[in-house]
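Have the sequence and the structure open side by side while reading.

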Number of protein chains: 2
Amino acid sequence: MVQIEKWGMLELTFQGKTDGNPYMDYWIKAAISGEKEKVEVNGFYDGDGVYKIRFMPSHEGTYSYQVSGNFADVFKEQMRGEFTVTPNRPENHGPVRVRGRQWLAYADGTPYHSVGTTCYAWTHQKEELQQQTLETLRKSCFNKLRFCVFPKYYAYNETEPQLYPYQRGESRGQDGEKTAKKIKLSIAHKKEPEDITDFDCYSFNPAYFQHLDQRVKQLMEMSIEADIILFHPYDKWGFSTMKQECNELYLRYMAARYSAYRNVWWSLANEYDLLPQITTDEWDTYGSLVQAQDVYGHLRSIHNCIAFYDYTKDWITHCSMQKNDTYKHVELTDQFIETYRKPIVWDEIVYEGNLDAGWGNISGQELVRRFWEATLRGGCAGHGETFLHPEDIIWWSHGGVLHGESEPRIAFLKKIWDEAPGGYLKTVAGIFDEVVAIPEYAEKTVTWEYSTWADYELHYYGFGRPAFRRFEFPEDEKFQVEVIDTWNMTIQDAGIHSGTTVLELPAREWMAVRIRKV
Amino acid sequence: MVQIEKWGMLELTFQGKTDGNPYMDYWIKAAISGEKEKVEVNGFYDGDGVYKIRFMPSHEGTYSYQVSGNFADVFKEQMRGEFTVTPNRPENHGPVRVRGRQWLAYADGTPYHSVGTTCYAWTHQKEELQQQTLETLRKSCFNKLRFCVFPKYYAYNETEPQLYPYQRGESRGQDGEKTAKKIKLSIAHKKEPEDITDFDCYSFNPAYFQHLDQRVKQLMEMSIEADIILFHPYDKWGFSTMKQECNELYLRYMAARYSAYRNVWWSLANEYDLLPQITTDEWDTYGSLVQAQDVYGHLRSIHNCIAFYDYTKDWITHCSMQKNDTYKHVELTDQFIETYRKPIVWDEIVYEGNLDAGWGNISGQELVRRFWEATLRGGCAGHGETFLHPEDIIWWSHGGVLHGESEPRIAFLKKIWDEAPGGYLKTVAGIFDEVVAIPEYAEKTVTWEYSTWADYELHYYGFGRPAFRRFEFPEDEKFQVEVIDTWNMTIQDAGIHSGTTVLELPAREWMAVRIRKV
């Protein structure tokens with residue numbers, strides 16, 4: 001009997017009909033039953049007469065399945081079957097879920113401490129560059145990657161992709177009027193594109209998706225969440241201006257094909273508000289469609305340029321945010337948690353780099369400061385890198401190698417985060433302008449007269465440069481104090497203290513203090 | 001005949017009665033007439049039977065005066081007189097006034113580009129230190145100094161002042177209940193003060209004010225505006241908890257004594273909101289009293305800790321602001337100009353230093369960035385310095401010498417500001433996150449498709465680090481472009497350009513570009 005591990009993937013393959021348009025004309029699905037789980041999953045057409053059904057089991061034990069379709073006669077002998085789900089390997093923690101109000105955890109209960117990065121169009125680059133990106137990711141701390149299904153047309157992104165998601169040929173499924181709008185949007189950033197190819201938006205390109213399958217799987221094997229961006233505005237091919245019917249066909253196809261990868265997250269759009277041709281009602285329809293089609297309930301969100309989406313909508317599991325202000329954003333993480341009562345994932349907070357544009361030219365120091373703010377305030381942040389490159393290979397879009405200074409510091413932060421008791425941090429009021437994080441389960445009160453102490457506290461001073469801080473510990477309790485230099489990545493043991501303690505600090509920016517009750 | 005220069009000071013001295021309490025029991029005033037000016041000014045008692053009347057003429061020509069008082073018999077022979085007002089010397093520009101909606105100018109029409117600093121308690125330090133402070137100010141760029149009349153009790157401020165503004169003795173004029181509140185406020189910051197002296201708040205100390213006269217005059221001679229703080233909460237002597245009657249007596253005395261100094265500004269309070277014993281109605285009464293008593297209309301404001309005062313009140317000439325947020329404040333200067341429709345003077349935006357507290361430990365780089373933001377957005381900013389010192393001599397309160405790095409950079413900014421055509425800057429929308437300033441008289445439009453150009457523009461990139469910026473100049477006009485490193489204080493000529501111009505920049509923080517139509 002076939003064996004797959006819990007949160008692994010079962011793939012059933014069938015030969016089927018090829019006449020007409022198999023993407024439209026035929027359907028195939030499976031009813032799957034285990035002891036603790038019973039789902040119906042849709043299959044998809046993968047070209048050359050091949051139909052596939054993918055399934056991710058969430059429990060161990062024996063499962064059975066029954067396949068049906070509107071061309072069932074061609075694969076009658078395979079219609080029923082059984083398989084066994086074995087325990088997951090230790091490195092397989094299952095999909096990431098929302099935990100409590102504001103945190104994220106793998107299905108096996110392990111806290112998920114998100115330190116993401118972004119390579120929007122990495123799967124559209126030359127094979128060699130994609131391999132280099134995978135190698136860079138393998139050596140990095142990043143455990144989430146944002147990237148687009150559709151190719152990207154934008155500044156520094158003018159080469160044609162290796163593969164298109166649709167078959168070329170007679171243009172079908174695109175909205176002429178909306179295409180005109182789209183071209184105008186492109187001009188906002190660049191010169192008008194010259195060569196517009198025609199695509200048939202009713203006919204997918206299997207080679208494209210087979211390649212994407214492999215990339216999602218490779219990320220999964222590296223324990224990197226694939227934050228798949230379903231729509232985006234950086235377009236000259238018309239993929240951002242398809243008719244609603246085609247958008248829905250595409251979303252059903254994506255859900256059928258990728259939901260069974262445990263590392264998939266759905267990002268309905270990047271900068272949805274730069275796609276004015278898609279209304280809020282349509283976004284909600286698309287989001288709800290993905291929610292319905294993905295039987296495993298992978299995380300779903302939608303990412304803004306300026307205006308935050310209404311993250312309170314039911315179909316949204318977490319807030320995938322871009323800073324909507326130049327000066328203050330991650331510093332509001334705890335306020336946004338109160339507003340939206342969902343996990344806050346800052347997916348774009350300006351990239352480390354030196355581009356002309358204000359969205360891509362902060363220092364590593366500033367990016368790391370923003371990571372600390374977001375994390376200690378109970379959310380998480382995403383990295384990106386935008387350094388000018390002689391061949392326009394920029395991590396943010398193309399992948400490749402990292403040129404900046406922030407990644408090791410983000411890894412350092414993640415290590416400290418991983419060591420926090422209970423795995424989840426929340427912020428509480430501190431003295432003056434410090435940011436104070438304590439464990440989810442703990443409480444702390446601070447007034448001018450006194451403060452109580454949690455068994456673990458992380459105090460962060462950001463751009464402040466205190467030469468000392470005074471801590472009023474209880475006389476009858478002992479606290480282990482460590483001085484953390486978040487930029488130079490050092491942790492200095494400052495001893496065990498009780499009562500009034502004046503802790504010397506190096507009067508540099510980006511310092512933190514870790515305090516643990518002994 | 002007595003000659004004084006325009007905006008200089010006439011001082012008339014009289015011997016008068018000394019029985020009873022001369023501060024309360026006697027009054028003296030003068031009706032003064034010139035060709036273009038006719039005012040009535042109050043005199044004040046200066047101890048030892050001496051009464052004085054001070055007057056600042058705002059016009060040239062011949063003036064006459066007539067003195068009256070409720071003890072006129074003792075100085076009958078001096079009751080009338082004449083004097084001549086000569087043209088002001090070039091270095092005397094007169095008092096600073098509001099100009100237009102949001103700018104400041106001297107009375108002679110010279111733009112006043114405020115780069116202030118703060119030494120709250122400098123006049124209360126030992127004579128040698130005060131002389132050192134004056135010497136530091138003389139060598140600095142600062143043209144405004146904030147300081148308190150009353151001595152200061154606070155962290156790093158525990159020594160008794162050299163002189164008290166009131167006579168010691170039996171406690172009179174303080175509110176017992178409010179004094180208790182005041183002590184509690186002190187505890188918020190420090191241990192409870194031990195030695196509380198009794199003062200008679202109906203009886204000023206002439207020696208104190210004679211000394212203050214000299215300091216205000218010395219600042220005037222260095223063209224430094226004296227931003228005199230009338231009330232503040234850092235108190236253990238009871239000067240923050242006087243009865244309303246005593247507060248009013250004090251304000252009348254201050255107005256009579258100091259209004260004739262052209263460099264005086266009135267700051268009703270520092271951190272008024274830490275003085276909950278004084279109601280908003282009382283502040284408005286006090287502000288209106290100063291407005292009425294100061295016949296020259298010197299600038300008047302009131303400074304917050306957290307909550308901004310309602311700066312729209314009639315008696316307030318400008319907004320004297322402390323940042324009310326850790327992360328974003330001066331960046332809102334242009335918005336606050338819209339809100340209050342008055343000049344914005346950021347008198348406290350965190351001091352350069354290394355104290356434990358978040359109000360006193362940013363880098364010089366960050367302080368200078370805040371100056372650029374405030375200035376280019378049409379307001380102005382104030383400096384302060386708080387470096388730990390073995391003898392607790394900290395510029396912010398005590399004066400002395402500067403230890404930080406920001407002052408030369410503020411001087412550099414002021415030089416650029418002074419060179420701006422017309423003398424007044426306002427901000428307009430820029431591309432991405434740049435801050436763009438143009439002259440008051442100019443207009444500029446920026447859209448994604450095109451932008452118009454003012455004859456002078458200053459573009460600032462703050463913590464952004466662009467390696468280049470693209471400027472779409474008209475083909476038929478020429479623009480002189482300079483690259484300004486606001487931290488390293490260099491101005492590099494980048495040539496004359498027309499049409500699309502890609503300007504290389506060093507991909508460092510705190511860069512600006514100055515563009516002038518040729």
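In this predicted model, strand E24 of chain B pairs with strand E25 (residues 456-460) of chain B in the antiparallel sense, over 3 bridges. Within that pairing, Ala437(B) stands opposite Leu458(B) in E25(B). E24(B) also has a link to strand E23 (residues 425-428) of chain B: 4 bridges join the two, and they run antiparallel. Here Leu425(B) is placed opposite Pro439(B) in E24(B). The hairpin formed by E23(B) and E24(B) has 6 residues between its strands, and in it Phe432(B) takes a positive phi near 50°. Is E24(B) enclosed or open? Of its 5 residues (435-439), 4 are buried, so strand E24 of chain B is largely enclosed by the rest of the structure.

A positive phi also turns up elsewhere in chain B. Met489(B) has a phi near 60°, a positive value in a residue other than glycine. Most residues other than glycine have a negative phi. Met489(B) sits in the loop between strand E27 (479-485) and strand E28 (490-497) of chain B. Met489(B) has 14 other C-beta atoms within 10 Å, and therefore counts as partly exposed. In chain A, Glu271(A) has a positive phi near 50°, and this residue too is one other than glycine. The loop that holds Glu271(A) runs between strand E16 (264-269) and helix H6 (280-293) of chain A. Glu271(A) is partly exposed, because it has 18 C-beta neighbours inside 10 Å.

Another glutamate to look at in chain A is Glu405(A). It lies in the loop between helix H9 (395-398) and helix H10 (406-418) of chain A. Glu405(A) is partly exposed, with 15 other C-beta atoms within 10 Å. Glu385(A) is 20 residues away from Glu405(A) along the chain, and their C-alpha atoms are separated by 9.8 Å.

Now step back to chain A as a whole. It has 10 helices and 30 strands. The radius of gyration of chain A is 25 Å, close to the 24 Å that the globule rule gives for 518 residues, so chain A is as compact as a globular protein of that length. Its C-alpha atoms fill a box of roughly 80 × 60 × 40 Å along the principal axes. Of the 518 residues of chain A, 48% count as buried. Of the contacts in chain A between residues at least 6 apart in sequence, 72% join residues at least 24 apart.

How is chain A divided into domains? The domain assignment gives domain 1 (2-86), domain 2 (112-418) and domain 3 (426-517). Taken over C-alpha atoms, the centres of domain 1 and domain 3 of chain A are separated by 55 Å.

One sheet of chain A is an open one of 3 strands, in the order E2-E6-E5, with antiparallel pairing. Strand E2 (10-15) and strand E5 (44-45) of chain A stand at the edges with a single partner strand each, so one side of each is left without a neighbour in the sheet. E5(A) pairs with strand E6 (residues 50-55) of chain A in the antiparallel sense over 2 bridges. Tyr45(A) has Tyr51(A) in E6(A) as its bridge partner.

The contact between the chains takes 29 residues from chain A and 30 residues from chain B. Which element supplies the largest share of the side of chain A that touches chain B? That share, 3 residues, comes from strand E26 (residues 468-472) of chain A. The residues on this side of chain A divide into 14 nonpolar, 6 polar and 9 charged.

E26(A) pairs with E29(A) in the antiparallel sense over 5 bridges. One residue pair to find there is Glu472(A), which stands opposite Thr500(A) in E29(A). Of the 5 residues of strand E29 (residues 500-504) of chain A, the number buried is 0, so this strand lies largely in the open.

Last comes the relation between the two chains. Chain A is superposed on chain B by a rotation of 180° with 0.0 Å of shift along its axis, at an RMSD of 0.0 Å. The two copies are thus related as by a two-fold rotation axis. The same surface serves both copies, as 100% of the contact residues of chain A recur in chain B.

Conventions:
Residues numbered from 1 in each chain as written. Chains lettered and ligands numbered in written order. Predicted model: local features only at pLDDT ≥ 70, side-chain atom pairs only at ≥ 80, totals over all residues. Domains from an automatic or database assignment. Contact = placed C-beta atoms within 7 Å. Nonpolar A, V, L, I, M, F, W, Y, C, P; charged D, E, K, R; others polar. Least-squares fit on C-alpha atoms with pLDDT ≥ 70 in both. Buried ≥ 20, exposed ≤ 12 C-beta atoms within 10 Å, placed from the backbone. Pairing = 2+ DSSP bridges. Rg over C-alpha atoms; globule rule 2.2 N^0.38 Å.
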